[in-house]
Amino acid sequence: MRKIFLWTCMAWTGVVFAQPRMEFLLEKNWKFSRDDNSEAIRPDFDDTRWQSVTVPHDWAIYGPFDGNADVQHVAIAQDGETQASLKAGRTGGLPFIGVGWYRTTFRAPGFGQDKKASILFDGAMSNARVYLNGHEIGYWPYGYNSFHFDISSWLKENDNVLAVRLENLPESSRWYPGAGIYRNVHVIITEDAHVPVWGAQLTTPEVNRDFAKVKLKTSVEYPGALPEKLLLMTDIRDARQKVVSHAESQLAKYDNRTFEQDLLVESPVLWSPSTPELYTAESRLYVDGVLKDVYATRFGIRRIEIVPDSGMFLNGEPVKFRGVCNHHDLGPLGAAINRSALRRQLTLLKDMGCNAIRTSHNMPAPELVDLCDEMGFMMMVEAFDEWDRAKCRNGYNLYFTEWAEKDIVNMVRHYRNNPSVFLWSIGNEVGGQGTPQGVRTARFLQDICHREDPGRKVTIGMDNVESAIKSHFASTLDIPGFTYRLQFYKKAYDELAQRIVLGSETASTISSRGTYKFPVVRTSARKYDDGQCSSYDLGHPGWSNLPDDDFVFQDDYPWCIGEFVWTGFDYLGEPTPYYNNWPNHGSMFGIIDLAGIPKDRYYLYRSHWNPSEETLHILPHWTWPGREGETTPVFVYTNYPSAELFVNGRSQGRVTKDAALTEARTDSDEALQNLVRQRRYRLMWTDVRYEPGTLRVVAYGEDGKAIAEKELHTAGKPHHIELSADRTTLSADGKDLSFITVTVVDADGNICPDATPSIRFKVTGNGAYRAAANGDPRNLEQFHLPVMSAFHGQLTAIVQSSEKPGKIVFTAESGGLRKTSLELTGE
């Protein structure tokens with residue numbers, strides 16, 4: 001049991017202080033079993049033989065992988081007929097299906113009859129039935145949402161037994177959903193008069209550089225009739241904890257148990273991706289002079305405007321979403337939430353120039369939203385992948401009619417005060433976009449969002465664009481969002497009253513890190529014998545496109561308000577285009593692979609999205625035994641306008657980006673047309689012949705002067721291992737992580753791109769080995785075991801801190817290679 005939030009209050013003249021609000025996490029001392037035993041709800045049930053685990057916990061990530069774990073038969077249209085398609089790796093090939101039980105015992109210090117208590121689950125996958133001291137206290141089916149129950153009637157001060165039964169059905173997901181209590185569990189104890197869970201709603205109805213008006217609505221619960229004097233005192237503090245505004249209000253009989261306070265902040269620091277300044281509204285609730293509760297609401301001050309024809313503006317400045325879609329799994333860590341792992345993901349994306357996250361296709365963990373607040377990411381928070389029409393036999397369609405409103409309400413109330421949240425998305429590529437029922441459902445869900453949060457816009461990811469426009473489905477939404485379908489962007493802009501288009505899901509380029517295929521041509525749904533895809537970044541499924549195609553629309557049209565690329569990171573499941581080709585079980589859509597190692601495509605986005613930072617990236621690698629004399633095109637991704645390429649000192653010519661190329665440009669030669677847009681954003685030498693040695697590129701600035709250069713060398717035989725950690729100092733909290741890139745290099749330090757040795761890991765000192773991954777979408781090695789094969793010369797190993805400060809030593813070794821160690825520190 002870890003206490004995470006405890007208010008201690010100093011005495012003020014004229015008031016009496018009561019016991020404070022207390023909140024703690026239930027993390028340790030859990031017992032877990034896959035046996036479905038209904039007796040497990042009993043407090044005296046013997047769980048001593050169950051597995052001991054720590055929550056958050058994902059029971060399925062430990063494997064083993066199995067091509068029969070969740071085989072799905074999916075109907076697809078082909079040649080005018082509907083045929084069955086067998087998808088073996090659709091959900092990652094991990095054992096998430098079935099029942100799992102969790103039990104723990106905990107204390108509730110100070111709890112008594114004059115107190116109230118709630119239990120809050122940030123997420124539990126799925127169909128959660130919760131029992132406390134033998135009593136069923138609640139049920140929540142949707143595994144991605146947060147939910148809470150009042151446990152006041154069953155909680156005791158000591159010896160509480162909490163039991164949770166979860167059940168994941170087969171064919172219930174289109175990707176790996178995880179399994180278990182994979183997010184945090186909170187116990188919240190308050191006085192009888194208190195602010196309920198998510199009981200505050202804060203808005204900033206007027207914002208400028210001189211002042212900001214803040215409106216705070218705070219719901220309160222209290223026993224019996226309205227007390228004689230129910231007072232709420234609120235201070236707004238800036239990031240340096242200075243009080244910048246104050247308000248006091250007394251609740252009246254007809255206020256519907258809700259305080260409304262208007263505050264003013266002078267000269268506010270406005271929240272934006274570059275200045276993510278945060279404020280806190282700290283409210284103290286008094287009943288007849290006795291302090292009953294203290295409730296804090298963190299928020300940011302910013303003004304969002306979406307203007308027809310002109311685009312999106314943040315604090316008066318034009319801005320576009322340079323966003324990515326991410327599923328919720330954390331690669332080799334599975335679905336179990338970890339703040340350190342999330343921060344690493346966001347740090348990589350921030351460096352790429354990404355400024356927005358779409359939580360596809362479900363509610364996010366609160367840790368992600370908090371980090372987006374702090375690090376400066378705009379968010380599209382999404383609710384559903386299905387409505388009442390099934391994509392999966394046992395998907396959310398089973399629950400939609402009864403649970404959709406409850407799930408939307410929880411989502412919106414949970415995150416409506418977070419400044420990073422810009423849009424609500426009520427669905428992804430749902431069925432019925434061309435039907436009257438679909439229009440009614442869209443309006444129903446949007447109205448709930450507006451009722452609970454009038455200030456934010458609502459969107460959805462539409463893939464059936466022509467039908468959605470014709471049926472008025474698209475015109476019903478505040479913001480029409482389209483998944484791919486660039487060919488309909490102008491039609492939508494011309495015909496829809498919103499006069500705005502959002503790329504809610506874009507690109508879906510597919511590639512495997514370090515893999516290059518010849519000849520180098522644009523391909524659609526191309527399969528190769530090795531089950532990989534080319535990192536020349538010219539391949540995509542039939543329904544999608546390439547990054548450059550989206551860049552053109554976003555750059556040339558102000559009414560395109562941004563894009564969310566599918567995806568920021570590779571994820572478990574959806575091994576397009578190899579659905580039928582086990583052992584493929586991981587996606588290849590990611591800009592960054594499953595191990596958290598950037599692919600070449602990362603630098604294409606970085607060169608365009610983060611132009612103020614130097615990017616100079618060469619591909620492919622230059623180690624091609626057997627290709628001597630063969631055409632081996634070279635691409636350079638750079639923020640500079642031109643560059644010259646040299647092979648062993650011989651110039652291959654100077655290439656300049658063609659900024660005049662637009663989406664309307666056409667060429668008679670089909671092969672040339674396929675690369676038209678690419679010439680605007682990539683520097684390409686398509687007729688280079690391979691010879692071992694050195695590739696050298698010299699970049700030139702706008703003034704034509706050489707400004708930067710980079711070299712690639714042909715690698716020799718693997719010689720030793722190099723280690724590089726994202727962080728060498730960890731918090732000694734038992735949860736912090738260091739991600740260590742393990743690279744196989746030759747004697748001169750050049751990466752060996754074809755090296756695949758099995759590497760063993762050992763951690764000594766005050767830390768532990770946690771997991772590893774190599775980014776190969778076909779690799780079946782279990783993540784948690786301390787051994788992993790390199791993929792194209794690289795992998796990532798993860799070390800976790802202990803709760804004891806001190807030295808941590810990580811060692812990697814492999815037969816025939818010089819082993820290497822790296823020292824970390826926990827403090």
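Reader: Is the crossing of α1 and α2 left-handed or right-handed?
Author: In this predicted model, α1 covers residues 339–352 and α2 covers residues 366–375 (helices are DSSP runs of H or I of at least four residues, strands runs of E of at least two, numbered from the N terminus). A crossing is left-handed if the near helix is turned anticlockwise from the far one by less than a right angle, and right-handed if clockwise. For α1 and α2 the crossing is right-handed.

Reader: Which residues of α1 and of α2 make the contact?
Author: Contact means heavy atoms within 4.5 Å. On the α2 side, Glu 367, Leu 368, Asp 370, Leu 371, Cys 372, Glu 374 and Met 375 take part. Their partners on α1 are Arg 339, Leu 342, Arg 343, Leu 346, Thr 347 and Lys 350.

Reader: How are α1 and α2 oriented to each other?
Author: The two helices pack at an angle of about 40°, and their axes are 10 Å apart. Angles under 35 degrees count as roughly parallel, over 145 as roughly antiparallel, 65 to 115 as roughly perpendicular and the rest as oblique. The pair α1 and α2 is therefore oblique.

Reader: How are α8 and α9 oriented to each other?
Author: Helix α8 (residues 547–556) and helix α9 (residues 600–609) have axes 12 Å apart, and the packing angle is about 15°. That makes α8 and α9 roughly parallel.

Reader: Which residues of α9 make the contact with α8, and what is the handedness of the crossing?
Author: From α8, the contact uses Pro 547, Asp 548, Phe 551 and Asp 555. From α9, Arg 601, Leu 604, Tyr 605, His 608 and Trp 609 make it. As α8 passes α9, the crossing is right-handed.

Reader: Which residue is joined to Pro 64 by a cis peptide bond?
Author: Pro 64 is found in the loop between β5 and β6. The bond has an omega of about 5°, and the partner of Pro 64 is Gly 63.

Reader: Which residue has a positive phi although it is not a glycine?
Author: The residue lies in the loop between β9 (115–121) and β10 (128–132). Its phi is about 50°, and the residue is Asn 127.

Terms used. Residues numbered from 1 in each chain as written. Predicted model: local features only at pLDDT ≥ 70, side-chain atom pairs only at ≥ 80, totals over all residues. Heavy atoms only, no water. Axes fitted to C-alpha atoms, helices over the stretch in contact; angles between N-to-C directions.
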